[in-house]
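Here is a short briefing on selected features of one protein model. Please keep the sequence and the structure in view while reading.

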Amino acid sequence: MKPLSFIIITYNRPADMLELLKNINTLNDVQNILEEIIVVNNASTEDYSLVKQYISEKPELPVRYFDAPENLGVAKGRNYAIQKGRAPYLIMLDDDAVLQNKDCLINLLAEFVRQPADSNGENNISARPKAIISFKVLYFENRQMQVNALPHKRFNEYKDKSSFETYYYAGGAHAVRRDVISILGMYPNDFFYGMEEYDLSYRILEAGYSICYSDKIIMLHKESPQGRKPKNEKLRMMWVNKTKVAYRYLPRLYFYSTAFMWSLQYLKITGFNLKGFFKGWKEIFNISSTEKRTQVSKSTLEYLDKVKARLWY
């Protein structure tokens with residue numbers, strides 16, 4: 001079996017999906033190291049006939065195309081796709097992306113066994129085995145680094161590092177070991193949109209693995225440099241889900257601070273949408289009665305401190 005699988009959930013962007021498939025087909029050594037490309041159409045209403053035609057015309061490209069039974073959202077969509085694949089390493093990409101460097105697949109396999117280093121040379125925080133590699137993400141439009149896709153909140157401190165250990169990853173620009181998912185479980189099915197990567201991240205770190213960033217794999221993202229303002233409902237999901245994650249895995253103080261700080265952010269971005277604000281708080285007040293706490297250990301909290309994790313919100 002070849003080592004790599006692509007997992008791609010596509011949402012109403014057939015032209016971008018077609019370009020991504022063409023891009024993958026040009027990568028170095030793709031025929032020898034790519035086991036499959038799992039494409040899941042997440043109940044899109046767009047016409048994917050050109051995508052299907054390209055797949056049929058390129059039998060050398062190992063694409064397996066699936067129509068989801070309904071819009072599964074991000075987490076359930078990825079879970080659905082993961083179960084269709086076989087390879088040991090899963091590359092998770094958004095469908096509005098392409099990979100910039102032709103040697104990215106070769107580099108990715110090397111990164112899973114290479115120890116991390118900072119810009120000044122080798123500076124390993126731990127000897128933990130790597131569970132996830134998070135990619136460097138640039139805007140397709142201007143090739144500038146996407147700030148919110150760097151997997152660390154201290155952007156200015158980390159943006160120029162070639163690699164580093166961190167505490168979360170870019171959800172649509174990373175690779176994960178299949179055996180880690182098999183051991184720890186998949187994404188939370190109750191997270192329709194947003195923050196599912198934080199839930200898996202804490203489970204990964206608690207199990208003794210590391211999450212690393214590498215600039216040896218570069219993704220070009222077709223999101224505008226001005227960003228996309230999330231719809232009010234999606235922003236509320238992000239607020240509630242981030243609070244759920246804090247309740248599940250972190251000391252209670254971070255649960256309270258996350259709920260409060262994100263509520264302020266919700267009001268700011270939505271222009272004081274009070275209906276969604278009160279709906280969000282209602283869901284948060286129910287968390288303690290519906291969620292199970294599995295707080296991470298002292299050693300994991302110490303590790304989070306070493307990698308300078310932001311836990312307050």
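N23 is buried, because its relative accessibility is 11%, under the 20% limit for that class. The residue sits in helix 1. The model is a predicted one.

**N23 and its surroundings**
- N23 belongs to helix 1.
- Beyond its neighbours within four places in sequence, N23 is in contact with V98 and L99.

**Helix 1 against helix 3**
- Helix 1 spans residues 14–24 and helix 3 spans residues 49–57.
- Their axes lie 8 Å apart, at an angle of about 20°.
- Helix 1 is therefore roughly parallel to helix 3, because angles under 35 degrees count as such.
- The two helices cross in a left-handed sense.
- Helix 1 contributes P14, M17, L18, L21 and K22 to the contact.
- Helix 3 answers with L50, V51, Y54 and I55.
- By class, the contact of helix 1 with helix 3 has eight nonpolar residues, no polar ones and one charged.

**Helix 8 against helix 13**
- Helix 8 covers residues 196–206, and helix 13 covers residues 298–306.
- This pair packs at about 110°, with 9 Å between the axes.
- Helix 8 is therefore roughly perpendicular to helix 13, because the range for that label is 65 to 115 degrees.
- The crossing of helix 8 and helix 13 is right-handed.
- On the helix 8 side, Y202, L205 and E206 make the contact.
- On the helix 13 side, the contact residues are T300, Y303 and L304.
- The contact of helix 8 with helix 13 divides into four nonpolar residues, one polar and one charged.

**Cysteines**
- How many disulfides does the structure hold? The number is zero.
- C104 takes part in no disulfide. The nearest cysteine sulfur to C104 is that of C212, 18 Å away.
- C104 counts as buried, because its relative accessibility is 1%.
- C212 is buried as well, with a relative accessible area of 2%.

Notes: Residues numbered from 1 in each chain as written. Predicted model: local features only at pLDDT ≥ 70, side-chain atom pairs only at ≥ 80, totals over all residues. Heavy atoms only, no water. Axes fitted to C-alpha atoms, helices over the stretch in contact; angles between N-to-C directions. Helix = DSSP H or I, 4+ residues; strand = E, 2+ residues; numbered from the N terminus. Parallel < 35°, antiparallel > 145°, perpendicular 65-115°, else oblique. Left-handed = near helix turned anticlockwise from the far one by under 90°. Contact = heavy atoms within 4.5 Å. Nonpolar A, V, L, I, M, F, W, Y, C, P; charged D, E, K, R; others polar. Disulfide = S-S within 2.5 Å. Buried < 20%, exposed > 50% of the residue type's maximum accessible area, 1.4 Å probe, protein only.
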